[in-house]
Each structure stands twice: as structure tokens, then as C-alpha cells.
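Here's a quick briefing to read alongside the coordinates. Have the viewer open and follow along.

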Amino acid sequence: MSSKKGLTNSLKAEDVVQAVLLTDNFSDVLAPYCLDTPLSLLPLVNVPLVDYALEYLESSGIHECFIYLCKHTDAVKKHLSGTRWLSEDSPMVIHVQTAEDCLSLGDVMRDLDAKALIQSDFLLMSVDCITNVDIVPIMKEHSARRKNDDRGSVMTLLYREATPGHPVRRHSAQVLLAADAETGRMVFHQRLPAAARGRVTFPLHIFQEQSAVELHYDLADTGLSICSPSVPQLFADNFDFQTRDHFVRGIIVNEEVMGNTVYHRRVGTHYAAHIDSQATLLTVTQDVTDRWVHPVVPENRCPHRADLRCSQRNVYRHRTAKVGSGTRLEGCVALGAGASVGSNCRLLRAVVGPGCQLGDNVTLEDAVLDAGCVLGDRCEVRRSLLGPGVQLAAGARLHPGCVLGAGVRVEGAAELPQGTLLVGRPPEDEFGGGSAPEPSRLVGAGGRGFTFLPEEDEEDTLSPLRLGPAELPTAELSDSGESSEEETEDESEERLDGAESPEVVDDTKLFYSEVLDSLVRGFQEKISPENLILEVNSSKFAYNVTVQELNSLVVKAILSVPEHGSDERLAAPAFLARLQPVLTTFMPLLTNYIKSEESELSCLRALEEFSCDHSAMSACLAKVLMLLYQRDILSETTILSWHADSEGLSPEAVRVRQQVQKLVDWLQEAEEESEDEESEEDSS
Amino acid sequence: MEELSPTAERLVSEFVRTTRRQGAVPSRQVADRTLELLRQLVSEPGWRQTAQLVGQLRAAGRQLAAELPTQPAVGTLVCRLLKMAREEHGAHDEVHEARPHGAPPSQVDSLHRRLTAGRGAAPAADLSSELTGLRANLLAGLDELQTELDASADNIAREALSHIHADDVVLTAGRSATVLAFLRRAARERAFHVLVVEGAPFGGGHRAAAELAALPRRVHVTVIAESALFAMMARVNKVILGVHTVLADGGLRAPVGTQALALAARFHSVPVIVCAPSYKLSPQFHRGDQQEGFLESVSPESVLPYADGALVGRARLTCPLFDYVPPELVTLFVTHTGGTSPWYVYRLLNEYYDQQDHEIVQV
């Protein structure tokens with residue numbers, strides 16, 4: 001160790017380039033393919049992911065790397081101890097941090113903060129990121145910006161350009177961001193589900209504050225980010241930051257308060273991809289065999305290059321792999337150590353793991369076989385992932401999208417339909433007890449394999465096939481890229497729910513229900529309005545709700561109090577009768593939040609939106625407005641300007657506005673009169 | 001087979017790592033670094049007998065050639081050093097054996113000796129003795145080699161005037177530092193016209209053309225695309241090329257596109273002149289298309305950007321770096337010692353390397 005310490009000591013503290021490598025993705029997107037394998041040991045073209053990552057970090061000139069092991073720590077440690085990474089003469093110092101209690105990126109960062117390991121800007125990388133980006137200059141760029149231009153710059157996110165519908169992003173959450181065109185400072189960041197269509201709402205202020213704004217929907221996430229030393233601390237200060245997306249959103253929302261900023265940068269002609277779904281795993285496997293990531297190519301990853309030969313059409317054969325006569329290796333094929341392929345097989349874009357045995361007449365297309373798979377004669381596997389030790393009897397056919405976990409055994413000439421997910425051991429019963437689940441019928445008599453049920457709460461609304469089809473239907477492809485023009489106007493009301501990212505919806509909805517609960521309780525138990533304001537404010541911070549959202553949500557919550565707890569809708573008079581005491585009680589609350597013209601407007605809009613799908617409310621909207629006007633919460637100018645601004649209204653909204661026409665007329669007259677009076681006064 | 005000592009192993013794998021990391025750097029730079037590595041291997045105190053050193057070097061050479069098949073300088077310089085070590089040892093033995101006829105040691109490798117010695121008798125020289133001063137001599141030899149490398153571009157350029165005449169139309173492809181030095185030298189005295197083939201997709205030709213156009217004595221520079229090659233060849237007097245490796249049969253491993261160029265030159269009977277520094281001369285043979293590592297491919301990013309989702313994943317894209325050019329398409333090699341025909345490359349090989357060491361660079 002002494003020599004290594006010498007190395008790091010000889011450099012000045014701020015010159016040491018540090019990296020944090022996460023060996024977990026804190027999700028099970030790759031299950032059941034790697035249910036029991038740690039993510040870092042997941043083989044990509046027969047080399048564990050962690051070796052790619054460490055090789056990359058070392059070759060790009062990182063001096064010090066912290067590896068965070070969160071799951072399967074022993075297996076990963078064992079693997080690492082067998083490699084050259086931990087040996088003394090490795091030019092990169094590696095610190096293995098075991099943190100089994102870390103359940104998210106946020107926990108890891110808080111741990112980093114607690115241990116005070118970071119002294120300079122560092123690279124944050126997940127082990128499932130495959131890249132050849134020249135990172136040190138980008139890190140220098142980040143440091144220079146932090147020193148010279150923008151002290152608050154805390155993170156630079158790296159993105160790879162990829163047109164919509166590109167295979168590398170087709171099945172992942174899509175990135176939508178807006179950034180200052182000159183500096184690359186991000187002013188808006190949102191994740192959209194993979195197959196999302198429809199509208200997206202950008203807050204107006206992002207266009208008003210910058211002289212030029214770039215909107216990007218042509219980027220794929222790389223899983224790489226460069227962080228300032230203050231990032232772990234920020235995570236520690238905000239215990240609700242769990243993922244990088246939370247962090248980015250939090251920083252952008254609180255930019256004015258905290259003065260922190262996030263930047264983005266494209267990696268140019270380099271390759272970078274983040275394996276965040278099984279479909280991406282296949283794509284990245286193909287990209288690596290296609291040599292997109294050069295010099296990260298299979299023969300360079302092999303401990304001894306001479307062991308793996310690359311011939312034309314990107315066929316990588318290990319010295320010890322055997323191939324029978326008449327077998328066609330059509331392109332992008334990797335055969336691991338000791339793999340044997342029978343005669344007259346056809347392999348296209350396939351990875352055959354070490355020790356796999358393939359019978360005769362086997363067809364593999366877009367298939368990845370982990371170590372030790374045994375395939376009988378005439379098997380056909382298309383666009384599927386097979387975990388370690390999977391056995392297929394002669395004649396088995398796997399249709400696209402099958403994923404078989406470790407140890408699955410398929411007997412008989414079974415045919416597995418599209419999107420079959422099987423695991424080799426019965427799924428754990430979370431509630432204990434219950435009879436042992438039956439093996440899936442698909443595996444045939446004597447086979448082993450249980451249907452894998454993905455957990456419910458996942459945001460995996462992407463496609464029913466977790467692996468995704470090879471090609472999306474062209475129609476879907478063509479309009480997933482552009483926002484659809486033909487959608488009718490009435491959808492504009494649903495924007496808040498429909499098009500925003502799942503996170504945003506969740507947060508605002510949670511916030512809304514929490515506020516509603518506090519108000520109902522407050523109304524019933526006569527809690528003083530000051531305390532209610534405190535409660536609402538704390539919920540606001542917990543869910544990162546903007547001020548505008550807050551105002552309209554509070555108004556809506558107040559309006560829903562009268563009907564809370566009952567299913568049926570009240571008729572207009574009864575509703576009004578109940579609403580009046582509620583409004584009177586919460587008047588201090590309203591006075592507290594509705595102060596500026598802008599908040600008045602958002603209050604009015606909230607009233608309008610609420611009335612649109614609530615007939616009783618729309619009937620008594622005029623009365624409510626009158627009341628608020630009398631209490632000086634709404635000013636007549638705001639009401640008038642709200643009413644005058646009638647562009648792009650839905651039919652309901654028009655109807656609602658007709659309800660208040662009288663009031664508006666009256667207000668207008670009153671105003672004119674007062675103006676007259678004023679002018680009279682002026683003249684006198 | 002020889003095994004590397006742990007220290008040597010570390011040096012070699014460190015070298016391999018750094019070289020791989022650097023990616024595409026001029027081969028001259030790799031040659032310099034290889035010499036540095038060889039200096040370290042020689043000055044390492046672990047070996048005492050010549051046989052030990054030779055064993056170490058052969059093992060290192062074999063590993064380097066296998067790990068870095070696209071770096072010609074690495075294997076060839078190891079072979080040069082091996083030849084030096086064997087010669088030193090042989091010369092020393094002969095001096096000490098005090099031959100009765102007093103035959104001068106320099107004749108040790110003469111053609112006559114080789115012919116009369118018969119097969120198998122000569123090579124099994126006994127290297128197991130310990131030789132004082134061998135280390136110092138070899139280090140001095142490496143310094144000489146360094147001087148040779150430093151001067152080789154100049155020495156090759158010296159030949160320029162006998163190849164390029166006034167008003168010649170010369171064609172070159174891509175960017176080769178040796179060729180540029182050659183043309184620059186000719187441009188000092190003569191006015192001529194250079195056609196530069198752009199060397200797609202890497203665009204080395206563009207940079208070369210810019211450098212030539214910036215010369216004080218103006219050369220007329222025209223840049224053409226690869227596809228225009230055949231059409232333009234009729235006007236060309238001479239093709240002057242750089243090379244990646246000169247193979248043992250006089251063939252070339254050259255930047256991709258060179259074979260098409262050489263064939264076009266053959267069709268129009270235009271002489272093809274190849275500028276080759278001595279470290280690019282390799283005892284390696286080309287053994288057909290399946291030879292792994294011979295035709296290295298890199299990322300197809302320069303052919304089609306990865307960002308283009310409409311094509312990536314549907315079309316197969318490859319971007320090979322090298323071509324094999326058979327010896328019959330090459331007219332002349334210009335090395336630092338002068339011109340050589342491809343058919344006499346074997347003579348140079350025998351001059352530079354010992355036959356026993358040829359095998360270590362065969363991948």
C-alpha cells in the first residue's frame with residue numbers, strides 16, 4: 001500500500017481524480033435474468049460488468065476509486081480479490097466500501113458524506129454503464145466552471161445523443177430537458193415513460209429567464225455524472241433525495257433559494273450507454289460486439305488478448321471454444337472459454353457463455369447465454385436472455401422476449417411464448433406460509449421453472465414485454481418522436497395528470513391528499529389556522545411543490561372539504577350551505593397564501609378547474625367569487641383579467657365562465673363607476 | 001517456452017495498458033516508448049547469463065506481439081535487441097576462444113559462413129555463460145537504435161530528390177509523418193503537384209493537405225475523395241505512401257484503402273513508392289483474411305454517428321483500419337539506407353533480426 005499512498009500523496013489533494021462506482025442499480029429491472037447474480041458480476045459479452053467499469057476508470061486516468069458494495073458483497077469481493085485491481089502496483093487506488101444498509105443512491109451519498117471521503121470533484125458512475133468517454137477533460141471543464149463562472153454548479157450530467165426511437169433508449173425512461181443554450185445549465189428535467197405520447201408542459205419562466213433555451217428530446221442517459229464535493233452534503237441535508245432524478249429536480253426547483261445549479265453535457269462521438277432494462281442489455285451487448293465502444297472491445301477485455309480471436313464479421317472465438325462443421329457464425333457472435341457448438345447451427349448476434357454446450361441444428365438470434373447453458377438439438381432461441389445453467393431439451397423454441405433465470409430446465413420440445421419470464425427457484429412468499437407454488441406448465445414434465453411476477457409498484461409501464469419487441473411497429477415509432485398534433489383541446493385540462501412524469505404526479509397527488517387530510521381534520525377539530533398553515537408548509541417542502549402548484553392545490557383542497565368522506569355529490573344549495581362555513585374557517589389560510597396577483601390568478605384557475613368537473617360548485621361559483629371578493633382575497637382587476645383571458649378554453653370552462661358573467665358585469669360596472677368617481681375626484 | 005520474471009511481467013503489462021489507453025498515436029511515439037521499456041528490461045538486475053536475458057526478451061516480445069498486434073514497432077524492436085544480444089555474445093565468445101587463424105569476428109554472419117556451416121549447426125550458440133559488460137553494451141546499442149530512429153525520417157527524406165522531379169504529379173493517401181517529411185524535403189528544391197486522397201473516414205488526408213499547403217515553397221495541393229482515385233490516377237507520375245508494417249514477404253499492412261489505390265496504380269503503370277522506417281519492417285507474414293488482429297476494426301462512429309437511431313442496429317457497420325497490399329503491387333521501399341525492392345526485404349530482415357526470433361512476432 002505504501003507505494004500507492006506515495007502516489008496519491010505526491011499529487012496535491014485537489015489534483016487527485018476521484019470516482020465513486022456504484023455496484024448496484026437499486027432496482028430489479030434486470031430480474032429475473034440476474035435475480036441471484038450481483039449486478040456487477042453480470043456478464044456482458046462474457047466479462048463481468050465491474051471489470052468493464054474498473055478498466056474504464058483506470059484507463060481514463062482516475063487515481064482513486066470508491067467501490068460501493070450494497071448487495072451480494074461477498075461474491076463481489078471474492079471476484080475483486082481474484083483480479084489485478086486490488087494488487088499493489090495497480091495505478092488506481094481502489095477502496096472497497098461495504099454498505100449493505102444502503103438502499104438507494106441517496107444512502108450511498110449520505111454515507112460518503114458521513115465518512116468525508118471526497119475532497120474534489122468526482123465522477124459518479126454506475127457499474128451498469130458502458131462507455132469509452134474521455135472523462136478527465138470533462139471533469140476539468142466542470143471544475144473550471146465551478147471555480148470561475150458558477151460557484152454553485154454541483155453536477156454535470158452526461159448524455160449521449162440518440163434520436164427518438166433509437167434502440168438504446170427505446171425501452172428506457174426518456175429524458176426531456178431544457179437548458180440554457182449558452183452555458184448548458186439545466187432549467188428543466190423530466191423523465192417520460194418509454195412509450196409516452198401526448199403533451200408536455202414546460203413552465204413559462206424557463207423561457208423568460210434565459211436569452212436562449214435548448215430543449216432536448218434527443219438524448220439518452222449515460223449514467224455518468226460529475227459531481228462537486230458538495231453533492232454528498234446536499235444529499236445529507238435533504239433526506240428525501242433517493243435517486244439522481246430526485247436530486248436534479250430538487251436542485252432545479254430550489255435553484256433560486258439555494259443557488260445551486262446543474263449542467264448537462266453531451267459526450268460527442270464517444271460511446272456511453274446505461275443498462276437500465278433487459279432490452280438495453282441486449283442492445284449494449286450488440287454494440288460491444290459491433291465495436292462501437294472501441295477500444296472497449298471483447299478481445300481487449302479478455303485477460304489475455306491472444307485467447308480471444310476476433311475474425312471478420314465480428315466473431316469472437318475463445319481459443320478453447322469448439323465449433324462443429326457446417327455451423328454458420330453469421331456475425332456479432334462471441335463464444336466463451338470452453339463453449340462448444342454442434343454442427344449445422346446458425347448463430348447471429350449471439351453471446352455464448354463459457355462452458356455452454358449447444359447441440360446440432362441450434363438457431364440463436366439476438367440471444368445471450370450465460371455460463372454453462374445446455375441446449376439440445378434443434379433448439380431455437382430468439383431475442384432472449386438465458387441465465388447461468390439454463391437447460392433446454394432438444395427441440396425447445398423460445399419466442400422473442402423470453403427471459404429465463406438461473407437454473408431453469410425446460411423439458412420436452414416445449415414452445416415458450418413471447419415474453420415468458422421464468423425463474424429457477426420458487427419465488428419467495430412474502431407473507432410466509434402458503435403452499436409451494438406449482439412449477440410453470442411451460443417447462444414440461446420434469447422441468448424446473450416458475451413464473452416470475454414482476455413487482456407491482458414498478459414504473460415499468462413501458463411494454464408488457466419486459467424485454468420489449470425487437471422493433472416497435474412503425475406507426476408507433478413515427479409518432480412517438482413528435483408531439484401529436486391531432487389531440488383535441490380538451491386534453492389540456494388533463495395535462496397535470498397525464499403528461500407530467502410519474503414522479504411529479506405522485507408528488508403533487510400525495511401533497512394534495514395530505515393537505516386535504518390536514519384541512520378536514522382542522523375543520524372538524526377546529527385547529528387554529530396558523531397551525532394548519534405550518535402543516536401545509538411542511539408538506540410543501542416534503543414534496544417539493546412549487547408555490548403556484550401549492551396555491552391552486554390548497555384552493556382545490558378547501559373546495560373538496562365539504563364533500564370529503566361521502567361518495568355522493570351534493571346538490572348545489574346543500575353544497576353551498578356546507579361550503580360557506582368551511583370557507584369562513586379557512587379564510588386566514590387563503591389570506592396567507594393568496595397575496596400576489598399571480599397567486600390570485602392561480603386561485604381563480606383552481607376554482608375554474610374544480611368547477612369544470614363539479615356541477616354543484618360551478619352553480620355556486622359566482623357566490624364563492626363574490627365572497628372572496630368581499631373578503632379582499634380576490635381583487636376585481638384579477639377577476640376581470642381572468643375572465644377576459646378566454647383563449648383556448650374547453651367547453652366546460654366556457655360554461656363555467658358564463659355562470660359568473662353576471663358577477664363580472666357587475667364588477668365591470670362598479671369599476672367604471674369608481675373610475676368615474678376617481679376621475680371626478682381628480683378633476684375637482 | 002520462456003517465462004517472464006515478475007518485475008518484467010509488471011513492466012510489460014504496464015506498457016500494454018498505457019499503449020492501449022493511448023489509442024491512435026503515431027507509431028514513432030510507440031517506438032520510443034518501446035525502447036524505453038527495453039532499456040528497463042536490460043538494466044534490470046535479475047539476469048546474469050545471456051540466455052536468461054534472451055529468454056526474458058523473447059517472452060516479453062511474444063506477449064507484446066500478442067497483446068498489441070496493431071503496433072508494429074513493439075515486436076520488431078524487441079527482435080532488434082535480441083539480435084544485438086546474440087551478436088554481442090557471439091563476438092565475445094570468438095574473441096575469447098582465440099581462434100588459431102585469427103579470423104575477424106565480423107565475419108561471423110557472412111553469407112559464406114552461413115552457406116558452409118550447414119543447417120542447425122550454427123544457431124545453437126551457447127548463451128549460458130555470463131558476460132561482463134553485456135548490459136552496458138546493450139544499453140549503448142539501444143542508444144544507437146534511438147539515434148537511428150530519430151534520424152530515420154530525415155534519412156528517408158534525403159532520398160526524396162531522386163524520386164520527385166520538377167512538375168511531377170505525386171499522389172499520396174492519408175497522413176503519414178514520414179511521407180510528409182519526404183514531400184517537404186522535395187518541396188524545398190522543386191515545384192510539383194500533390195494529390196492527397198482524403199483517407200475517409202478518418203480524414204487524415206485533410207490534415208496532410210493542410211500541412212502541405214502551408215509550406216513556404218508552395219506545392220500545388222489537390223484533395224480528392226477515395227472514389228475519385230481511379231479517375232485521377234491517369235495523371236499521376238508517382239504514388240508515395242506511408243505504411244503501417246512492412247511484412248516479411250514485402251507486402252504491406254497499410255491504412256485501409258491502400259490496396260484499391262495500389263491496384264489503380266498498377267492499372268495505370270504508376271510506380272508505388274513506400275516510405276518505411278526500419279522499425280516498421282517486421283518478420284511477420286500475412287496468413288489470409290482470418291488472421292485475427294491483422295485487420296483491426298474500430299468504432300464505426302466515423303462511418304455513421306451512433307445517434308442515428310434509424311440505422312443503428314438494423315444495418316451492419318464496420319470500420320476496418322488496415323488493408324493488406326501484396327508485394328507485387330509495390331515498386332520500391334525507401335528505407336533510411338536507400339531503396340529496396342520488395343523482393344529483397346528478406347535481406348533486410350536477415351540484417352536486422354536473428355532467424356530464431358522471427359517466430360515471436362507471429363500472432
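Arg349(A) is partly exposed in this predicted model, with a relative accessible area of 28% (partly exposed lies between buried, under 20%, and exposed, over 50%, with a 1.4 Å probe and protein chains only). Arg349(A) sits in strand β20, residues 346–352 of chain A (strands are DSSP E runs of at least two residues, helices are H or I runs of at least four, both numbered from the N terminus). Its phi is positive, about 45 degrees, although Arg349(A) is not a glycine.

Some housekeeping: residues count from 1 along each chain as its sequence is written, and chains are lettered from A in the order in which they are written. The model is predicted, so local features need pLDDT of at least 70 and side-chain atom pairs 80 or more, while totals for chains, interfaces and linings use all residues; side-chain values use heavy atoms, with hydrogens and water left out.

- Most residues other than glycine have a negative phi, and most peptide bonds are trans.
- Cys332(A) also has a positive phi, near 55 degrees; this residue belongs to strand β18 (328–335) of chain A and counts as buried at 4% relative accessibility.
- His294(A) and Pro295(A) are joined by a cis peptide bond with omega about 5 degrees, and Pro295(A) is in the loop between α10 (278–289) and α11 (298–301) of chain A.
- In chain B, the bond from Ala200(B) to Pro201(B) is cis too, with omega near 0 degrees; Pro201(B) lies in the loop between β2 (193–197) and α9 (204–213).

**Helix α3 of chain A**
- Thr73(A), Val76(A) and Leu80(A) are the buried residues to look at in α3 (73–81).
- They share one side of α3(A) because they cover an arc of only 70 degrees around the axis (taken from the directions from the helix axis to the C-beta atoms).
- Facing away from that buried side are the exposed Asp74(A), Lys78(A) and Ser81(A).
- The buried residues pack against α2 (49–59), β4 (64–69) and β5 (93–98) of chain A.

**Where the chains meet**
- Contact (heavy atoms within 4.5 Å) links 29 residues of chain B with 38 residues of chain A.
- About 3,000 Å² is buried between the two chains, 49% of it from carbon and sulfur atoms (the accessible area, 1.4 Å probe, that two parts lose on being put together, summed over both).
- Three salt bridges cross the interface (a side-chain nitrogen of Lys or Arg within 4 Å of a carboxyl oxygen of Asp or Glu).
- Glu301(B) forms a salt bridge with Arg160(A), with the closest N and O atoms 2.9 Å apart.
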